[in-house]
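Hi,

Here is the structure I promised to pass on. My notes on its packing follow below.

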Amino acid sequence: KKDSYVIYNGWDNIQQQNIIFNQYEKNYIYYAGRLYKHQMNSIYMIVNSLKYIKNLSFIIRSLGPKELNEELLEYIKRNNLEEKVLIMPPTSPQVVLEESSNSVANVVIEDLNEKIYWKKGTLTGKFLSLLPLTPPILAVARADSEIGEILSATNKGILCFNEEQIKNFLQKLQNKEFFPNTDEIIKYSKENQVRKLIGILNGILNKKLVKPDIK
């Protein structure tokens, strides 16, 4: 029954890039980051779903490791999706920002396993940094993930935990059905999270400064 508080490692103020030139010359969903073994089932579900979606590709800017890149590439080839799923080498943060901003959706992947209760609160390092960008977010993770709560509050995207949900989301992208809640997104900026932290610390300090009544 202790008081508890959550401070998020939120997003920075950024200059979003809306460049006209799209080097891929196609509509794409986008993931940039490192691959982890516990996330692979999530990314496989996205790859599988693309079989049923026309005129949409998946660009992956992978930071490795090499063995997971090779595993994913083999999976893509086995499903004859080489033209729809591209694994690209690492690039500069500026290019990643431009590519993220020009995607039709940014991708977040996490563990689907629900056996360890506290992992429902795991947020990927890049998740909150995607909130202020224009494209919606496709998150694939366990059904009770806190990612879903944030996406629901901000109306910034959707949490999916099976292939049917992913396919439905990818089809809805064509209709631009997401209208972000800017007021909620602003709450997750680093600046506002620091303000929240200051408020919490001031509250704790003020309680300690109050002298107890001595009778």
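Predicted model: local features only at pLDDT ≥ 70, side-chain atom pairs only at ≥ 80, totals over all residues.

Numbering runs from 1 along each chain as its sequence is written, and side-chain values use heavy atoms, leaving out hydrogens and water.

L72 is also among the residues with the most contacts inside the largest nonpolar core, along with I29, I43, I46, F58, L138 and L170; this core has 30 residues. (A nonpolar core is a set of buried Ala, Val, Leu, Ile, Met, Phe, Trp, Tyr and Cys joined through side-chain atoms within 4.5 Å; buried is under 20% relative accessible area with a 1.4 Å probe, protein chains only.) At least two residues each come from β1, α1 (40–49), β2, α2 (66–78), β4, β5 (137–140) and α5 (163–172), and α1 gives the most, with six. Helices (H or I, at least four residues) and strands (E, at least two) are DSSP runs, numbered from the N terminus. A second, separate core of 18 residues includes Y8, F127, L159 and I185.

Then there's α3 (residues 93–101): V96, L97, E99, S100 and S101 are its buried residues. Their cover includes β1 (28–33), β2 (57–62) and β4 (105–109).

Cheers

Technical notes. Buried < 20%, exposed > 50% of the residue type's maximum accessible area, 1.4 Å probe, protein only. Contact = heavy atoms within 4.5 Å.
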